[in-house]
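Let's take a walk through this model together, one chain at a time. Have the sequence and the 3D view open as you read.

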Amino acid sequence: MRRKNVSAPALASLWVVMAGGMFLASCGSGGTGNDIALPVITLSPVSASVPAGGPLQFTATIVSPTSTTVTWSVNNILGGNSTVGTISSSGLYIAPAAVPNPATVTVRCTSSAETNPYGSAIVTITPPVVNAVVAVAPTDSSTPAGTSVQFTATVTGTTNTAVTWSVNGVAGGNSTVGTINNASTAGLYTAPTAVPNPPTVVVTATSQADTSQMASTTLTLTASNTAPLYVNFGLNGNTGNPNTDYYNGLFTTVAVCLPATADCQIIPDVLVDTGSVGLRVLNSVLTTVPATELTTVRDSDGNQVQECVQFGDTSYAWGPALVADVVVAGERASSVPIQVIGDTTYTVPASSCLSLGPGPSLDTVAALGANGILGVGSFIQDCGLNCAGGQTFSGYPYYVCPNNVCTTAAVPVVQQVANPVAFFVKDNNGVEILLPSISSAGAPSLPYTNAAGTSLIPAGQLIFGVGTQSNNALGSATLYATDEYGNFPNVVYNGASYPSDGFLDTGSNALYVSDALTLGIADCTDNPYYCPATPLSLTLTTYGANGASGTVNLSVANADTLFGGNPGFAAFNNLGGASGDGLSSDYFDLGLPFFFGRSVFVGIAGTTVPNNASAPNGYFAF
Amino acid sequence: MRTFLGVLLILSLGAAPVWAALGEPESSVSADRQILRGQIRDEVHEGYRLHQITEASGSVVREYVSPAGKVFGVAWQGPFVPNMQQLLGAYFPYLQQYAQAQTGRHGGPLIIQKDNFVFSSGGHMRWYHGRAYVPSLLPTNLSPEVVQ
C-alpha cells in the first residue's frame with residue numbers, strides 16, 4: 001500500500017486510509033498481518049524534541065478496514081494539560097511553558113475501535129528558545145588600576161533581560177583580573193590594584209534567558225598613576241591658518257568633583273602645562289558640576305577670592321578660586337583650590353589683568369583652544385609666600401571684590417590655586433612626561449591610527465610621581481635642580497651664557513630659542529615661526545643648581561616646509577620660533593618639540609627628591 | 001653681555017620706588033610714584049642712565065634714560081609681570097593693539113617689532129621676562145642690547 005506522510009503542521013494530520021482488501025495484502029510496517037481486523041496507527045514523528053512552549057505537529061497514519069475515530073492524549077491525559085503540554089484533536093502538540101520533570105512525555109493517538117489500538121510518540125521538552133541579543137557599553141575603553149567602570153548590558157528579544165557578568169570568563173571576576181558585580185549595581189567593574197599581564201581583560205554579559213547569547217568588550221587597564229596624553233590641534237581644530245592654529249597642543253582628561261563625593265564631571269581636552277601651576281577650567285565647561293556648587297575660597301573678611309593670572313605672552317585669565325576634588329587617571333587630589341576662568345560675576349579689574357597683560361582674555365574655548373589648563377609645573381602653589389601677606393609688588397594676582405570693587409587681598413599659601421599632583425595621596429612629588437618619537441616631517445596627531453585601523457603612533461603618557469612606582473623611576477636621566485624661579489640656573493649656547501633663562505614647558509607649542517639674527521636664520525614671513533633654509537641644529541649646555549650639566553641637541557626646521565608638506569599634521573618635533581627681539585631679550589623656552597622621544601621629569605619644589613639629590617626648588621630630569 | 005658695569009652706584013633701601021614710563025622725561029617719574037617697598041639702584045653708564053627697582057617679590061624693573069633725559073627702554077624679570085600700562089605709558093596702546101592680534105604662538109613669547117616700538121615678553125608662571133624700547137629715542141651710537 002501507499003503511505004502518505006504529511007509533515008506540514010498546517011495540514012490535516014489524520015489520515016485514515018480506507019483501503020479495503022485490495023490494500024491489505026500490501027500493508028506495510030503498520031500492519032500486523034494479512035488478516036487485519038483492527039486499525040493500525042503509527043505516529044510521525046515517533047520521537048522528537050520541542051522547546052518549552054513550542055508547537056509540534058503529529059501525523060497519524062491509520063491503516064484500517066473500517067472507518068474509525070481517534071483521540072489524542074499526553075501521558076494518558078486526554079488532550080494533555082499545562083504541565084505536560086496540550087494536544088489538539090488534529091494532533092498539534094503545544095509543549096508546556098516550563099520543562100516538566102521528567103522532561104519526556106508520551107503522546108498517544110488512540111482509536112475508538114475495539115481494544116483501542118494506539119500509536120505513540122516520545123517527546124522531549126527542551127529549555128525555551130529566546131532570541132536574546134546582548135550588547136554592552138562602554139566598548140573598548142580603558143581605566144586605571146584600582147578604579148571602577150559601570151558597564152551596562154542591553155538585552156533584547158526576551159522579557160528576561162537579566163545577564164550574568166564575567167571577567168575573562170570568570171563569573172563575577174576575581175582579584176587578578178578585577179571584579180564585576182552581579183547583584184546590586186550589577187555591571188560595576190572594579191579594576192585590580194595592580195595591572196595584570198596582559199593589561200587587557202574581557203568583560204562579558206551573558207543572557208540568563210539564553211546562555212548561548214552574550215556580548216563582550218575589551219577593557220585596557222592602565223597604571224593608576226598614568227593618564228594618556230594627546231597631541232592635536234585642540235578644540236578649535238585645524239583651520240589651515242598657521243597664524244592661529246594650535247600646533248603641538250598637549251591634552252589630557254581630568255575630572256572635577258564636588259569635594260569628597262562621586263559627583264564628578266569628566267573634562268577632556270585640558271592642556272597639560274609644565275609652565276604653570278594649578279588646574280584652571282573654563283566656567284562655560286562646568287555644567288554637571290557647576291562652579292556655583294564648588295566651595296568658595298574666602299579671605300579673612302569673608303570675601304570670595306578672585307584671581308588674575310598672567311601668561312608670558314600677555315594673555316590672562318580671570319575668575320574665582322574654588323575648592324574641588326581633581327581626579328586624573330587613578331589619582332585624586334582632595335579639596336584642592338582651582339581657578340574657574342571666564343566667570344563674569346565680577347568685572348575684570350582694570351588695575352590688574354588689563355594693565356598687566358593686555359593680550360587676549362583666555363575666557364572661552366575659542367580663546368584657549370582647550371577646556372582648561374592643568375598646570376603641573378615645579379611648584380605646589382601658583383604664587384606662594386609672595387601672596388600670603390597682601391600686595392607688596394606690582395602684578396599681584398589675588399583679589400577680593402566687596403561691593404563690586406576689586407582690590408588685592410592676602411591669601412594664605414594653603415588657599416592658593418595649587419598643583420593637583422601635590423595633593424595626590426601618593427605619587428605626589430612630580431610628573432613624568434613620556435612622548436613617543438615622531439618623524440622630522442611631523443605627525444598628524446598622537447595617538448595616530450591609519451585608515452585601516454592600524455595604530456602607528458601611540459598616545460603619550462602623563463605619569464604621576466617620580467621614583468614612587470616601577471613606571472616612574474628616574475633611571476639614567478640627569479637631574480637638573482632648578483633655581484628659585486623654576487629655570488635652569490644657566491644655559492650656554494654658542495659660547496654665551498643665559499643665567500636663569502631656560503626652562504622646559506609643555507604649554508609652549510614650539511622651541512622658542514634665541515632670535516633669528518643671533519641664530520643666523522630667518523623668521524617666516526607668513527607665520528610666527530622660524531623658516532631656516534636648511535634645518536638648524538642647536539646644541540645647548542644645560543646646568544642644574546646641583547652641579548649637573550649636560551647637552552641638549554635640538555633641530556629647528558622650516559615651518560613653511562613643515563606646514564606645506566603635511567597640512568593636516570599637528571605634531572612637530574622641530575618647530576621653532578624666536579624667544580626675543582635681540583640678544584639681550586633672548587632665552588630658551590623649550591616647548592613641546594623638546595619632549596618628543598624623551599622621558600622628562602618635572603619635580604615639585606619641597607617634595608621628596610629621588611636619589612637624595614639636592615633640589616629644594618624643584619627640578620627637571622631627562 | 002649679561003653683566004653691566006656700574007660706573008656710579010647709588011643705593012637706597014626702603015624708599016618708595018619711582019617708575020618712569022617709556023618715552024617720557026626722567027623728570028616725570030614722580031608722577032608714577034608707587035607705594036611699594038623695594039630697593040632702588042641708580043646707575044650712570046656711558047651714554048645712558050639706569051634706574052633699577054627690585055620689588056619685594058624679587059621682580060626687577062630697569063628703566064633706561066637717554067642723555068636727553070627721556071626713558072628709551074624698559075626691561076623686567078622676575079616672578080610677576082609689572083604694570084605695563086604704567087611702564088609703557090603712551091606706548092601701552094601699541095601693546096594692546098598688537099598683543100590682541102597675535103594668537104598663533106600658543107604659550108610662546110610675544111614679540112612685536114615695529115619701526116617705533118619693539119617689545120618682547122615671555123616666561124612661565126613665577127618667572128616672566130621682557131623688554132621694550134623705542135628705536136627713535138635710542139641715544140646715538142647706543143645698541144638696543146643695553147636694554148636687558
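What percentage of the 148 residues of chain B count as buried? The answer is 49%, where buried means that 20 or more other C-beta atoms, placed from the backbone, lie within 10 Å of the residue's own.

Before going further, a word on ground rules: this is a predicted model, in which local features need pLDDT of at least 70, side-chain atom pairs count only at pLDDT 80 or more, and totals for chains, interfaces and linings use all residues. Residues are numbered from 1 along each chain as its sequence is written, while chains are lettered from A and ligands numbered from 1 in the order in which they are written.

Back to chain B. Starting at the N terminus, the elements go β-β-β-β-β-α-α-β-β-β. Of the contacts in chain B with a separation of 6 or more, 46% are between residues 24 or more positions apart; a contact needs the two C-beta atoms, placed from the backbone, to lie within 7 Å.

Now for chain A, which has five helices and 48 strands. Its C-alpha atoms fill a box of roughly 125 × 60 × 45 Å along the principal axes. The radius of gyration of chain A is 38 Å, whereas a compact globule of 622 residues would come in near 25 Å; that radius is taken over C-alpha atoms, and the globule rule is 2.2 Å times the number of residues to the power 0.38. Buried residues account for 49% of chain A.

Zoom in on an open sheet of seven strands in chain A, with mixed pairing and the order β44-β43-β40-β41-β46-β42-β45. Strands pair here if DSSP finds at least two bridges between them. β44 (549-556) and β45 (576-577) of chain A sit at the edges with a single partner strand each, so one side of each has no neighbour in the sheet. Further in, β40 (488-493) and β43 (536-543) of chain A run antiparallel and are joined by four bridges. One to look for is V491(A), whose bridge partner in β43(A) is T542(A).

Finally, see where the chains meet: 55 residues of chain A are in contact with 48 residues of chain B. On the chain A side, β41(A) gives the largest share, four residues.

Definitions and conventions:
Helices (H or I, at least four residues) and strands (E, at least two) are DSSP runs, numbered from the N terminus. A residue is buried if 20 or more other C-beta atoms lie within 10 Å of its own, exposed if 12 or fewer, and partly exposed in between; C-beta atoms are placed from the backbone.
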